[in-house]
Amino acid sequence: MSTKDPPWPGEPLFPANTSAVAILSDVHGNIRALDAILDDIAEQGIDAVACNGDLITSSAHASQVVARLMAQGIPCTRGNHERYLRELDDPTHPKWGQANWAPTCHDYRVLDARQHAWLRRLPDTLLLCDGEYPLLMSHAAPGNDCVRVCAQNKEPFWRDLFAPLPRGCTLVGSHLHWFWRYSWHGYQFVRTPSAGLPLDGDTRAGYVILRRGPEGWQAEQRRIPYDVEAELAAFRASDYYREGGVVAHLFWEELRTARSWVLPFFAHARKCALEQAADPNVTAFDREQLQAAYRTFDRTRYPEYNPDAPGASG
Ligand SMILES: [Fe+2]
């Protein structure tokens, strides 16, 4: 550990006698999934609840989701999607004119000033519990909201990840929308499933319960049935769907199937750009480019997504 202060508040958020914590993440604007999870948490004998980033984008109810989390005083970290939102604070930012960012631009417009102010204050990492087995939460990993923390990571990755963290801690990460646990020399990493946009083939809403035991925190995944069809119908009828274009439709397909559509689509769109002798690493698309790429995107053979499988990417 360097002499720098750790990138999280020094005081734990929850009291020392906290023994059961529910952590959800990646709600992605899906209000029905969030409400189903909050109802389930209320019946599980939980002491404290926290939400690990990516509250907005992908489904149609970003403003309602943020309002619910604010009203219930649920502590949240900042996900990569909340970071993308902040880039739009600059009205001249090029993403305002790029079709691939249309869903984020929509969410920026529908969130009110109080919600934006609250989202701006979200921290990168939170220390939830202290003591012999500290519990920390960060969207992907402390200081990096996009890093892939998965089964394919090698020894040096785990050493670098845990070196700045308190000894014996459990780090809860999210971001890949797939539940997973890993132990490393007395440390533990727990990856939450997605609340509102699962990508593991199971459309039910997901979250984890961590219970403090004699040997540390024990994580249990919970999957909660809810009215996915109603969320899909509301999504399809929304301004978000209309304004979000091709990318909003791909999110809708992800919600419908609990499979990854966005990543394989953009791999295909980049291939199309390369065929037109454009930049193969292009990250900005206009509406016509996305529509043309969608017409040639093979929607029957999109690859199965498993972030822990050899060779997985995205
Ligand atoms: Fe996410």
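Biologist: Which residues of β7 are buried on one side, and which on the other?
Modeller: Keep in mind that this is a predicted model. Both faces of β7 are covered. One side has Tyr187, Phe189 and Arg191, and the buried residues on the other are Gln188 and Val190.

Biologist: How many of the residues of strand β7 are buried?
Modeller: Strand β7 covers residues 187–191. It is largely enclosed by the rest of the structure, because the buried residues number five of the five.

Biologist: Which strand runs parallel to β7?
Modeller: Look for a strand joined to β7 by four bridges. Within that pairing, phenylalanine 189 in β7 is the bridge partner of leucine 171. The parallel strand, made of residues 170–173, is β5.

Biologist: And which strand pairs with β7 in the antiparallel sense?
Modeller: Here there are five bridges, and arginine 191 in β7 has tryptophan 180 opposite. The antiparallel partner spans residues 180–184 and is β6.

Biologist: Which residue takes a positive phi in the hairpin of β6 and β7?
Modeller: This hairpin has two residues between the strands. The positive phi is near 45°, and the residue that takes it is histidine 185.

Biologist: Back to β5: is valine 172 buried or exposed?
Modeller: Valine 172 sits in strand β5. Away from its sequence neighbours, valine 172 contacts several residues, including Ile23, Leu135, Val190 and Leu210. Buried means under 20% relative accessible area. Valine 172 has 0%, so it is buried.

Biologist: Which residues coordinate the iron ion?
Modeller: The donors lie at 2.1 to 2.3 Å from the iron ion. The residues are Asp26, His28, Asp54 and His177.

Biologist: Why is the arrangement around the iron ion irregular?
Modeller: There are four donor atoms to think about. The arrangement counts as irregular because of the angles they subtend, which are 86 to 174°.

Biologist: How many residues apart are aspartate 26 and aspartate 54?
Modeller: Both aspartates are buried. Aspartate 26 is in the loop between β1 and α1, while aspartate 54 is in the loop between β2 and α2. The pair links distant parts of the chain, and the two are apart by 28 residues.

Biologist: Last one: which helices do the buried residues of α3 pack against?
Modeller: Helix α3 is mostly covered, with six of its eight residues buried. Those include His81, Tyr84 and Leu85. The helices they pack against are α4 and α5.

Note on methods: Residues numbered from 1 in each chain as written. Predicted model: local features only at pLDDT ≥ 70, side-chain atom pairs only at ≥ 80, totals over all residues. Heavy atoms only, no water. Donors = N, O, S within 2.8 Å, 3.2 Å for Na, K, Ca; no water. Tetrahedral: all angles 85-135°; square planar, octahedral: opposite > 155°, others 65-115°. Buried < 20%, exposed > 50% of the residue type's maximum accessible area, 1.4 Å probe, protein only. Pairing = 2+ DSSP bridges. Contact = heavy atoms within 4.5 Å. Lists of a residue's contacts leave out its neighbours within four places in sequence.
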